[in-house]
Structures are given as structure tokens and as C-alpha cells.
Amino acid sequence: MINLKISPPIAEVRIERSNGINILDRSFMASFLQAITTIRNYGSIKVAIISSGHGDGFAAGADMQELKGLNSRDGVDYSESGQRIFSIISLSKIIFISAVEGYCIGGGFDLALACDIILASPGSYFQHPGTSRGFITGWGGNFRLARVAGRRKSSSILIEGRRINLREAEMIGLVPKDYDDNDRALRDGEILMKARSMAQRISRLDFRQIDLIKKTINMSGRISLSSRLVMESHLAHLHAISL
């Protein structure tokens, strides 16, 4: 279900379900939490890459049969459990990169949005189809998308439940435009190599630098610009005197 490779200061989490479809059911989420916890507890990991072992897709959404069997109380517990797992990713001191190829749907989209950086191949697409059908996974992806794309754009994407191809994902700032060293646009099958190259560069940063970057970015949406600048100057000062 999950292939975990740890080569400090980089870790790789590969999702590879035996049936070829990366459904994020309860058993998967339990295994995924265990993998993320292992990475955090290792102590020497700076960057973690999340990818799929199936070239046609990154991760699909939650298991529909499981969702249908939930009552209101179970539904809240289900949502909060996913939120806790994805919050570990977004709030940890590790830079998480999602390397997306093919579909990235529902809860899989939530997972990608929880990461610090999303890289995607030309054949990739992102979608939250559940909202157009009257339900959401509740794992925080709707709010994270709004922070990236803005209220109006994210509302359109969520209400219609439509697919976002790579070009639109680049336009709204969901993913960076990816080119190789020769300024050639990346092809399908190359995105994991791109993620590994980026991870190597990031891993050269000091742990304190990574921590400060994530703290300032995570707080930026919750405070005013003036307060943010004051906080950033204090954090920079604390880092400078600790060197």
C-alpha cells in the first residue's frame, strides 16, 4: 500500500495499491499516518516526496462505500482524522513535495494541497467532484485551495466540480511552471526526477532555515501584512543571532 524509503535528509513516500487505484480509505490513511510519523520521528529528514507507483494517477478520493456507511457523528470523526493527518504535513518542519502524475481527485487533491510544493506532469489533472454532488471529504482541501487560488476562482472550481488541467493549475498558482535545465517543458514520467532534483537542492538548507520558512508561510494567511513583516524581521533576527 505504501512504500517508504528513507535516505536522510530525504524521504520518499510512494502510494502503490495492489488494485491499481489509489483510494484513500481508512486502512490507507492509517498506514499513511504511520509513514508520516516515522518520517517526523527520524529527526534528520528535511524533505519528503509523496508520489504514486501508478503512472496514470496520484491519488483518488475517499472510499465512497465507507462514506455511505457513516452517520453524522462518524462523519465528523472521519473528517477530523484526515484533517489531523494532513495538518501534520502542513505544520511539520519538513518540506513536503507532491509529485503528481495523472488524476489527483477529492481526498487526493486534499493531500496534494497539504504539501508545501506541488509538481505535476503534463497529463495531470486536479478535481474536487464531490462538492458538485453534495458532499466533501472535509480534509481541509477546500480551504487550502481558496488560499492558493482565491475565493472566486476556487468557488468556480468547487461548485462545478470540474477538472483543472496543468495549464490552469499553473495559471492559478497551484503548481509552478516546470522546465528542465535546458528550458524544455517536462514530459510525462519525468516529474519524480524533477521532485528528487528539487529535494536535493532544498536539503542543502539548514534545518532552522526550513523551520522559519514554513512558520512564516503558514502564518501569512492569518495575520495582516504589517504584523507579518514585524514577525518576519524578528524571526530573521533570532535566526541571525543563533548562527
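The model is predicted, with local features requiring pLDDT of at least 70 and side-chain atom pairs pLDDT 80 or more, while totals for chains, interfaces and linings use all residues. Residues are numbered from 1 along each chain as its sequence is written, and side-chain values use heavy atoms, without hydrogens and water.

Student: Which residues touch the most other members of the largest nonpolar core?

Tutor: A nonpolar core is a set of buried Ala, Val, Leu, Ile, Met, Phe, Trp, Tyr and Cys residues joined through side-chain atoms within 4.5 Å; buried means under 20% relative accessible area with a 1.4 Å probe, protein chains only. The largest such core has 44 residues. Those touching the most other members are Phe-32, Ile-50, Phe-86, Ile-89, Phe-126 and Leu-174.

Student: Which element gives the largest share of the lining of the largest pocket?

Tutor: On a 1 Å grid over the protein atoms alone, a pocket is an open set of points with protein on both sides within 12 Å along at least five of seven lines, and lining residues have an atom within 4 Å of a point. Among the elements giving two or more residues to this lining are α3 (72-91), α5 (141-149) and α9 (207-220). The largest share, 5 residues, comes from α9.

Student: Which residues line the largest cavity?

Tutor: In a cavity, a 1.4 Å probe fits but cannot get out. At least two lining residues come from each of β3 (47-52) and α8 (191-202). The lining consists of Ser-51, Ser-52, His-54, Ala-99, Glu-101, Ile-191 and Leu-192.

Conventions:
Buried means under 20% relative accessible area, exposed over 50%, partly exposed in between (1.4 Å probe, protein chains only). Helices (H or I, at least four residues) and strands (E, at least two) are DSSP runs, numbered from the N terminus.
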